[in-house]
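Colleague: I have a model open and would like to learn how to read it. Please take me through it feature by feature.

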Amino acid sequence: MAHPSPTLRPRMRWSRYPITTVKEVPAEAEVISHQLMLRAGLIRRLAAGIYTWTPFGLRTLRKVEAIVREEMDRAGALEVLMPAVQPAELWQESGRWDKYGPELLRLNDRHQRSFVIGPTHEEVITDLARRELKSYRQLPVNFYQIQAKFRDEIRPRFGVMRGREFIMKDAYSFHADAASLEQGYAAMREAYVRMFTRMGLEFRVVRADTGAIGGSASEEFQVLADSGEDAIAVSDGPDQYAANIELAPTLPPATPRAAATLPLTKVPTPDQKTIADVAAFLALEPARLVKLLLVEGSEGGVVALALRGDHELNAVKAQKLAGVASPLRMATPETILAATGCEPGYLGPVGLKCPLYVDYAALALADFACGANEKGYHYTGVNWGRDLSEPQAVDVRNVVPGDPSPTGAGCLSIRRGIEVGHIFQLGTRYSESLRASVLDEAGKAVLMTMGCYGIGITRIVAAAIEQNHDAAGIVWPAPLAPFQVVLIPLNANRSERVHVKAESLYAELGAAGVEVLLDDRDARPGVKFADAELLGIPHRIVVAERGLDAGRLEYRQRRASANEEWPVDSAIETLLARIRAG
């Protein structure tokens, strides 16, 4: 393995690092990454959602940046650096000045001209493109930058996971047509897969909603972690299907609905309003109940949505139904009473006088129970097609573990994920509003088609910790660790032999291009070991009198549970082999 020059791989002595580690869990830190980043001294809080990166933390941050930059360059993207402060006129021109909301930090200069601190750069890059790109011959082109952003989160939390200021890689591609955009999008997708693979992270590419950015298609890159904010539907099939739970479709049942066997019966259910209470009162599983939800209609009135009692409504799916208001709004108790003559808690589809959509799973039920649209009563033995007409079947629920994958290969499970990247096919959303066009082969002006590709650099650091930690501290994937090796001499201030050997190993490792941290502090062995584990350095070498007497050095890999003893003479060669092996 070829090693860079030692001058490009700086070494360090722990005694020269002025920021201390912390034993206690900081009261402000809610998630493990925030706790460990503060305890290990990687970041320090300046204000709510705003952090200073210390030397150790910055080393990992720069490693993330380097991998991202290398893969963007490899994919043919061109690096630029755009201003953080953007004129309001661009945002007004795109229409996002009013739409973006209070997260957009607005300010005026001394001349009372309005500006924003950029949370994203679609407007700025489109302005650059419309000024510089004149012909289809200049396309396709992809510009990217790695830069600080600011979003004025109402409640910043989780450290750098949801901060107000953060570092992001954002890229924007310009194309002559949709076919070229699809090719560019595919190239970026491949680049992102290479990035996160090189970082040593377990991740999934997830189908996602385009959200406030807009566009025709998008995918998220989610680092899998039990603490993740996002619920992801993941298939165990060979196709590796994954989607945000909001977008994962459910399928109609593969088998026909069972025949009716019970008579329709109205049953008194005094004070039983929730699914759990009604199910317990009727001695039925919640899956044998149908619940009815009323939402506002797009043209006024209400629309009814029926689901199985154990399933949850999917708002993203529901608001796409014809006649349903978007964004989805639940009907008020007053509206429900006016539409049905009944208060919430006793609603059902029998005799209902408003539009009705029924989820596939609910429509598969026979002899089910539901509200009777009368206070204090429910029906049992209800059957579609007999007690009420066959309704319109739709997919309107969240998937659950065990549902079949929509691809037909495998079953779904629900995992938690942390979004660290998002790629979009924007189309002409911004080129149209900012009038960014080029001349085609016939000399006719055509709008450029755009793609947008973002990665949360600072968020990746936190996500890596959320995925890789134990009771002792951080367990970095090797490519992201601030140092490859920590060298710990024990009682070197009392043993010249230990001091000399540690300094010799330090010099040899540095000359071999290894990023080595020498813990030369005058501290107890337990403190040194605890700090090395907290910081998460992958490889640890201990130099001690007793080991030198036996011609041995003590080694431990950060993920291992026991120490190894290596001959002193071959320790460097053995360590380099371990590092190369990852």
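Modeller: Residues are numbered from 1 along each chain as its sequence is written, and side-chain values use heavy atoms, with hydrogens and water left out.

Colleague: What pLDDT does the protein chain average?

Modeller: pLDDT is the predictor's confidence in each residue, from 0 to 100. The protein chain averages 94, and 97% of the residues score at least 70. Residues 1-9 are below 50, and this stretch has 11 contacts (heavy atoms within 4.5 Å) beyond near neighbours in sequence. Where pLDDT is low, the predicted coordinates should not be read in detail.

Colleague: How many helices and strands does the protein chain have?

Modeller: Helices (H or I, at least four residues) and strands (E, at least two) are DSSP runs, numbered from the N terminus. The protein chain has 16 helices and 31 strands. Its C-alpha atoms fill a box of roughly 90 × 70 × 50 Å along the principal axes.

Colleague: In what order do the three strands of the open sheet lie?

Modeller: Two strands pair if DSSP finds at least two bridges between them. Here the order is 5-7-6, with antiparallel pairing. Strand 5 (85-87) and strand 6 (105-108) each have a single partner strand, so one side of each lacks a neighbour in the sheet. Strands 6 and 7 (residues 114-117) share four bridges; Arg106 has Val116 in strand 7 as its bridge partner.

Colleague: How many disulfides does a search of the whole structure find?

Modeller: A disulfide is a pair of cysteine sulfur atoms within 2.5 Å. The search finds zero. For Cys354, the nearest cysteine sulfur is that of Cys342, 12 Å away; for Cys370, the nearest is also that of Cys342, 11 Å away.

Colleague: Is Cys370 buried or exposed?

Modeller: Buried means under 20% relative accessible area, exposed over 50%, and partly exposed in between (1.4 Å probe, protein chains only). Cys370 is buried at 2%, and Cys354 is buried at 17%.

Colleague: At what angle do the axes of helix 2 and helix 12 cross?

Modeller: Axes are lines fitted to C-alpha atoms, for helices over the stretch in contact, and angles run from 0 to 180 degrees between N-to-C directions. Helix 2 (residues 55-74) and helix 12 (residues 457-467) cross at roughly 115°, their axes coming within 9 Å. Among the residues that meet are Leu61 and Val64 in helix 2, and Ile457 and Ile460 in helix 12.

Technical notes. Predicted model: local features only at pLDDT ≥ 70, side-chain atom pairs only at ≥ 80, totals over all residues.
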